[in-house]
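Subject: Structure handover

Hello,

Here is the structure for you to open. Please keep it on screen while you read the notes below.

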Amino acid sequence: MNIVVAMKQIPDLQQIRIRNRQPILDDVPLTLGNIDKNALEAGVNLRDEHGGKVIVLSAGNENIEDTVKEALAAGADEAFLVIDDSLDGAESSLIADVLAASIQQIEEPSLILFGEGSGDNYSGQVGSRVAEILNLSQVSFASNIEIKGNQAVVTRSLEDGEEIVQIDLPAVVAVLADINEPRIPSVTQILKAGKKPKEVLELDELKVEAGKAMVITASNLAPETERKKVVVKSVDELIQALTTEGYVGR
Amino acid sequence: MAGLLIFSENNGLALELVTAAKSLNAAAVSACVINNDEQAQALASTGIQVYAVKNNDLLMADVGAIATAVTQVADKAGADTVLLASNRRGKELAGRLAQAMNAGCLTDVAALSIEGDKILCQRNALGGATVATQCIDAANKVIAIRPRIFEAAAEGGTGAVDEIAVDVKKSGVTVLEFKPRAGEDVDIEAAEVLVVVGQGLNSQDDLPAVEELAKKLGGEVACSKPVATDKKWLSEERIIGLSGKKCKPQLAILMGISGQVQFTVGIRDAKTIVAVNSDENATINQMADYIITADLHDVVAQMNQKLG
Ligand SMILES: Cc1cc2nc3c(=O)[nH]c(=O)nc-3n(C[C@H](O)[C@H](O)[C@H](O)COP(=O)(O)OP(=O)(O)OC[C@H]3O[C@@H](n4cnc5c(N)ncnc54)[C@H](O)[C@@H]3O)c2cc1C
């Protein structure tokens with residue numbers, strides 16, 4: 001049983017600064033999406049239990065060869081990478097085409113794992129699009145996954161309850177951030193990661209009919225925040241301020 | 001825009017979508033309803049045309065089949081734009097439906113407006129650090145709208161309810177069990193005052209004092225995500241942020257919260273923000289109106305005492 005984990009290369013969000021409401025992305029290091037790391041952890045645990053391989057799948061610019069080491073160090077066995085500058089920050093529909101075409105080249109993928117949303121856009125579309133392209137069953141917002149033969153029993157965590165669903169494999173599952181605590185690789189694991197097998201394809205080698213981008217971004221600005229930033233020295237001063245604002249002693 | 005179709009399995013959210021749809025000057029607004037007579041009646045009484053699908057093989061849990069059904073209804077309704085709710089079911093469906101309709105798609109949309117023939121959508125980007133204004137440049141569009149952005153549509157008129165047959169294949173999805181969440185009945189989005197605790201709180205035993213303070217201020221207790229999901233000291237209904245609730249209280253007192261953007265995105269629309277943090281350089285202070293550098297437990301105790 002092979003498990004594919006789709007992971008997105010994103011800028012390290014902690015390190016993005018805002019200047020004049022514009023996000024400054026220069027020199028921000030790249031990393032893999034946070035919830036994608038939960039998906040990887042889930043995949044690695046299932047492999048440890050059931051055997052097979054975990055293959056990390058990512059599409060992006062050439063930096064992913066380096067960024068993916070993080071995932072190989074954290075337990076993935078192999079990487080399948082599709083590289084093209086145009087894939088960097090590309091829209092969900094295009095990425096879905098590329099990932100679906102890649103999955104078709106991977107041997108016997110039983111389970112294709114995603115995070116519930118990418119770290120940066122959190123739009124949650126790609127997994128669902130891939131499931132539709134490949135005509136597979138899917139469960140998102142998964143808080144538990146068990147493999148039972150040719151089927152998986154997955155808990156879909158909804159606002160009003162938990163739906164326990166049995167689906168035929170292969171299937172697409174997008175995990176919740178709360179499903180597990182991703183491991184932090186040791187130094188030796190990081191050193192060994194560079195030697196794990198990688199299949200690297202240029203986008204034109206994949207022979208995928210990628211459509212045109214369907215979403216246009218008119219602007220992307222930090223919201224205006226005007227705050228008083230008054231430092232108060234004591235609880236008395238704070239209560240005084242809240243009284244003046246009309247929140248206390250109404 | 002030709003026609004506009006709305007769909008949500010959730011009755012309340014479907015009514016919100018009617019209001020959203022009516023704000024968009026669509027030529028015709030109709031609704032797709034799947035195996036839910038009550039919802040079909042409620043939507044028809046807002047004056048819109050309802051297409052009711054009745055098919056017991058069609059499970060809400062089978063997102064692929066639901067996408068197929070909604071695609072067929074959109075086709076028959078002559079709709080090129082589908083509005084969904086961005087609750088979990090709606091969000092999971094959005095990408096799949098968009099793929100099936102060959103549509104562009106935006107989810108978690110927090111504001112809609114019309115500019116010429118474009119529907120401008122606002123949503124958070126870069127983990128909530130920015131707000132992107134985007135539009136879909138494709139013949140077909142799927143837009144999933146966050147709950148509570150629009151009011152539920154009121155009754156007015158009588159739309160027709162037409163039964164419609166869809167053709168869906170049997171799939172390998174079975175629901176084994178549904179365990180309702182022993183949900184706590186609290187609505188932090190409706191509170192005027194929120195006292196919000198983060199991981200700076202020492203223990204669950206310190207919560208009663210925080211609750212007392214919230215009560216004295218006429219508000220509710222809310223929390224950052226780890227307090228609910230990791231520590232499980234409060235229920236998930238009380239989480240503020242990207243994966244929790246977006247709140248706009250008059251007053252928010254943030255205690256022992258560092259100020260990660262995934263949190264602040266849920267509270268930045270509060271009128272007045274107070275930050276209580278033991279670290280004078282905490283990021284949260286950058287977005288506060290009043291900053292107090294102190295141990296939150298002392299602040300809570302003193303406020304409780306002084307507010308009598
Ligand atoms: C995709 C994604 C979605 C997320 N969604 C959410 C979300 O919806 N909501 C959310 O909250 N988080 C969310 N997070 C997590 C978020 O990134 C932060 O990890 C989280 O908000 C931190 O919570 P915190 O501020 O309570 O804890 P910490 O970051 O641990 O901060 C604790 C703070 O308490 C202060 N402190 C400690 N002791 C005291 C004391 N005695 N008195 C006063 N101050 C004290 C410390 O100085 C520190 O600033 C999400 C993350 C991801 C990746």
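Ten strands make an open sheet with mixed pairing, in the order 13(A)-7(A)-6(A)-1(A)-8(A)-12(A)-9(A)-10(A)-11(A)-11(B). Strands are DSSP runs of E with at least two residues, helices are runs of H or I with at least four, and both are numbered from the N terminus. Two strands pair if DSSP finds at least two bridges between them. The edges are strand 13 (198-202) of chain A and strand 11 (173-180) of chain B; each pairs on one side only.

Strand 11 (residues 161-168) of chain A runs antiparallel to strand 11 of chain B, and seven bridges join them. There, A:Glu162 has B:Lys179 as its bridge partner.

The model is predicted: local features need pLDDT of at least 70, side-chain atom pairs need 80 or more, and totals for chains, interfaces and linings use all residues. Residues count from 1 along each chain as written, chains are lettered from A and ligands numbered from 1 in written order, and side-chain values use heavy atoms, without hydrogens or water.

Now the ligand. The site is shared between chains, because residues from chains A and B surround the ligand.

Look at the polar contacts (N or O pairs within 3.5 Å). A ligand oxygen is 2.6 Å from a side-chain N or O atom of B:Ser258. A ligand nitrogen is 2.9 Å from a polar backbone atom of B:Leu296.

Best wishes

Definitions and conventions:
A residue is near a molecule or strand if one of its heavy atoms lies within 4 Å of it. A polar contact is a pair of N or O atoms within 3.5 Å; within protein, one must be able to donate a hydrogen and the other to accept it, and residues adjacent in sequence count only if both atoms are side-chain atoms.
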